Every structure is written in structure tokens, then in C-alpha cells.
Amino acid sequence: MKTFKILGLIALLAMLFEFVGGFKDGWNEVDEFASISMERTDSGYDKATPVTFDVLPDTAVSLVNPQIGVSVPAGFTQCRSYVSISGMTIFANVLLAITGLASLYGFYCLIRVLISVVRKDIFSPLNIRRMRWSIYSIVFYHIAKYFQMWSETQDAIVQLKIPGYTIQAVSPFDFSWMYMAILILLTEVFVVAIRLKEENDLTI
């Protein structure tokens, strides 16, 4: 049980570290893209939405590398620009917002599970609902995020033409299906373990 308590504390610290890091990255993103940001006075500002998407170069650019003394090929695989979002993307954004709110409650439930681990109350029946809320809300949020990225990329493909580059559609293989499936499987194994313990307690 002491091992579970230590793991619970480590998980709580890891979640806090990731949350702070994600907030910091989001805060710094404004400065990172300042050079390619539209001003409020720009024409069409109200209709434009920033999107980031993958691209493939049609031809490579030649750069001189003084360290090795020869020209080397170079290209870019990601681009950020502005598009007018479609109805499909608006729906994807709404879906992402709903699943995002659900994942916030799921995040709270996950913290409660970790606290119960620290308190050595791992097999509490309440943890069944908490674990399912935390994992399934995260899974649905990531699926909604994938759908949003796919829809934004489709808008970019229709509206933008980048000389020398081809915009790449979001591939279903880019999504961590196996990772999500493993999370769901482990959650249901945890649920079965709690119910088996309850049955054993009743039998005794």
C-alpha cells in the first residue's frame, strides 16, 4: 500500500507540472506567433481564425551550411495562417467546448481518485464513477480535438494556396487510438477489480 501512496503522490505532482507547463506554453504562444498575427485594424480580421496545419514542400530550398561547407536541402512541414471557418468547424468548436468542460470535471474526478489512493482507499465504489468520468471525458475530448483539427485543415485546403507547398489533410493515423484503447481497457479492469472486491467482502 505504501507503494500505491508514493505512486499517487507522484501522479499528482506530474499532473500539476503538466498543467503549469501547458498554461505557460499557451501564454507564450501569443508572442511566438506575433510576427504572423493579424491586427484588429486589418481588413477581414473579424472573419479570420488562426489555424495551424501540416504541409509538404513540392521542391526543397537549398541552404548553405557553413559547418559542413556544402548546400543542404530544407523545407517546412507545418504552417500557420488564417481562414474563414466553415459550419462544420463551428460545430467542431462547440463539440470541443462541451467535451472540454466535461474533461475539467473528469480531471477533478481523477484528482479525487489519486487522493483516495494516497489515503489507501483505492477500492472505494465511488472510484468507479470517478475513473470512468475522468478517462472517458479525456478520450472524448481528444476525439473532438482531432475532429476540430481535421475540419480546420479542410478549410485551409479549400481556401489557401501556398506556393511550393501542399497542405496535408489530417490522417486518422495521427490520432492515438491505441493509447486511448489502453486507457479504456485499464479503466474497465479497475472497475472489475473493485466489483470483485465488493463481492468477496459480501461473501465473507
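Student: Which residues in α4 are buried?

Tutor: In α4, they are M180, T187, F190, V191 and I194. Buried means under 20% relative accessible area with a 1.4 Å probe, protein chains only; exposed is over 50%, and partly exposed is in between. Helices are DSSP runs of H or I, at least four residues, numbered from the N terminus. This is a predicted model: local features need pLDDT of at least 70, side-chain atom pairs count only at pLDDT 80 or more, and totals for chains, interfaces and linings use all residues. Residues are numbered from 1 along each chain as its sequence is written, and side-chain values use heavy atoms, without hydrogens and water.

Student: What do the buried residues of α4 pack against?

Tutor: Against α3.

Student: And F190, what is in contact with it?

Tutor: I122, N127 and M131, leaving aside neighbours within four places in sequence. Contact means heavy atoms within 4.5 Å.

Student: How many residues has the largest nonpolar core?

Tutor: It has 14, and M131 and F190 have the most contacts inside it. Such a core is a set of buried Ala, Val, Leu, Ile, Met, Phe, Trp, Tyr and Cys residues joined through side-chain atoms within 4.5 Å. Two or more residues each come from α2 (87–118), α3 (126–159) and α4 (177–203). α3 gives the most, with 5 residues.

Student: Which residues does the second core include?

Tutor: V51, V55, A156 and I167 are among its 8 residues, and that core is separate.

Student: New topic. Why does S103 count as buried?

Tutor: Because its relative accessibility is 14%. S103 sits in helix α2. Beyond neighbours within four places in sequence, S103 is in contact with S137 and Y141.
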